[in-house]
Amino acid sequence: MPPGAALVLAAALCLTPVKPYKPVVVVHGLFDSAEDFGLLQDFINRTHPGTRVTVIDLFDDSQSLKSLWRQVEGFRTAIAPIMASAPGGVHMICYSQGGLICRGLLSTMPDHNVDALISLSAPQLGQYGDTDYLKWLFPNYVKTNLFHFCYTEFGQSFSICNYWNDPHHHDLYLNSSDYLSVLNSEQPHPNTADWKRNFMRIRNLVLIGGPDDGVITPWQSSQFGFYNENEVVMDMRKQLVYLADTFGLKSLDARGALTALTVGGVQHVNWHTNWTVYQDCIQSWLTRG
């Protein structure tokens with residue numbers, strides 16, 4: 001190398017512009033609001049200075065009980081301009097019920113540019129459990145009879161019923177659920193192929209959950225596992241939606257775009273405020289672009 005060439009090369013490297021971090025969009029869960037995610041924003045700004053983080057301030061608190069398709073429409077209106085202003089793409093962190101909203105959003109957006117979809121303790125294959133949320137919302141019901149309410153037209157106007165998945169009444173679920181069963185394409189519909197193509201535009205799907213969650217039931221639903229008719233949990237790769245690749249889950253897995261991360265000792269309300277969860281499970285996916 002000629003004298004001084006190394007110095008010139010080093011100077012050139014120093015002048016090479018560093019790409020900014022991709023914007024991060026956060027979608028909250030049931031009974032949450034945007035202000036609950038201040039600590040997560042702090043985590044991101046601490047490790048990725050300059051990142052534009054937007055926690056969507058819609059359907060807060062009790063408004064989060066509105067039907068999920070209605071929420072998808074509202075979130076799409078808010079998020080589409082953020083995507084349009086980020087030609088390098090965006091990352092999404094979607095917590096709890098928000099994970100299902102994000103799936104509905106991306107499945108119905110043919111031009112989305114999401115790099116990493118980070119699903120943070122979300123009931124991706126549904127919910128079936130006697131939790132404190134259930135007892136408070138439906139004091140006259142338990143998990144074994146909630147299907148009488150949820151699998152009605154009126155019941156489907158409540159978000160939690162949109163993903164209530166009773167393994168003992170699977171036919172009723174298939175015929176009555178107008179969100180989760182449709183989103184999963186568990187029965188073919190005119191949008192199946194388009195929604196699958198849209199969802200598979202994501203570069204990475206990150207599924208975070210853990211056995212001490214205490215709300216998502218079974219907790220493996222956060223990683224697309226769920227009960228069979230005997231309430232034995234079957235993991236993702238034994239689920240029909242995976243085996244039949246109804247919405248692209250198996251295809252994402254085959255191309256190495258699916259990562260499941262299990263963390264113990266974290267209760268449901270603490271996932272987005274836990275530094276270890278952020279550092280070990282989220283930080284590395286928030287790339288530049």
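I sorted the lining of the second largest pocket by class and got ten nonpolar residues, seven polar and one charged. The model is a predicted one, and I kept that in mind throughout.

I then looked up the volume of the second largest pocket. The value came out at about 190 Å³. Its lining holds 18 residues. I noted those closest to the centre: L30, S96, Y133, V215 and H268.

Next I turned to the largest pocket. I read off about 420 Å³ of space there. I listed 20 lining residues. Nearest the centre of this pocket I found H170, E186, Y227, Q239 and L240. By class, I recorded eleven nonpolar, six polar and three charged residues for the largest pocket.

Last entry: D213. I placed D213 in the loop that runs between strand 5 (204–209) and strand 6. Is D213 buried or exposed? I found D213 buried. I looked for a salt bridge to D213 and found none. The nearest side chain of opposite charge is K135, and I noted its distance as 14 Å. A salt bridge needs a side-chain nitrogen of Lys or Arg within 4 Å of a carboxyl oxygen of Asp or Glu.

What does D213 touch, leaving aside residues up to four places away in sequence? I wrote down S121, V266, Q267, H268 and W271.

Terms used:
Residues are numbered from 1 along each chain as its sequence is written. This is a predicted model: local features need pLDDT of at least 70, side-chain atom pairs count only at pLDDT 80 or more; totals for chains, interfaces and linings use all residues. Side-chain values use heavy atoms; hydrogens and water are left out. On a 1 Å grid over the protein atoms alone, a cavity is a set of points where a 1.4 Å probe fits but cannot get out, and a pocket is an open set with protein on both sides within 12 Å along at least five of seven lines; lining residues have an atom within 4 Å of a point. Grid points are joined across faces, edges and corners, and a volume is the space filled by probe spheres set on the points. Ala, Val, Leu, Ile, Met, Phe, Trp, Tyr, Cys and Pro count as nonpolar, Asp, Glu, Lys and Arg as charged, and the others, Gly among them, as polar. Helices (H or I, at least four residues) and strands (E, at least two) are DSSP runs, numbered from the N terminus. Buried means under 20% relative accessible area, exposed over 50%, partly exposed in between (1.4 Å probe, protein chains only). Lys and Arg count as positive and Asp and Glu as negative; His and the chain ends are not counted. Contact means heavy atoms within 4.5 Å.
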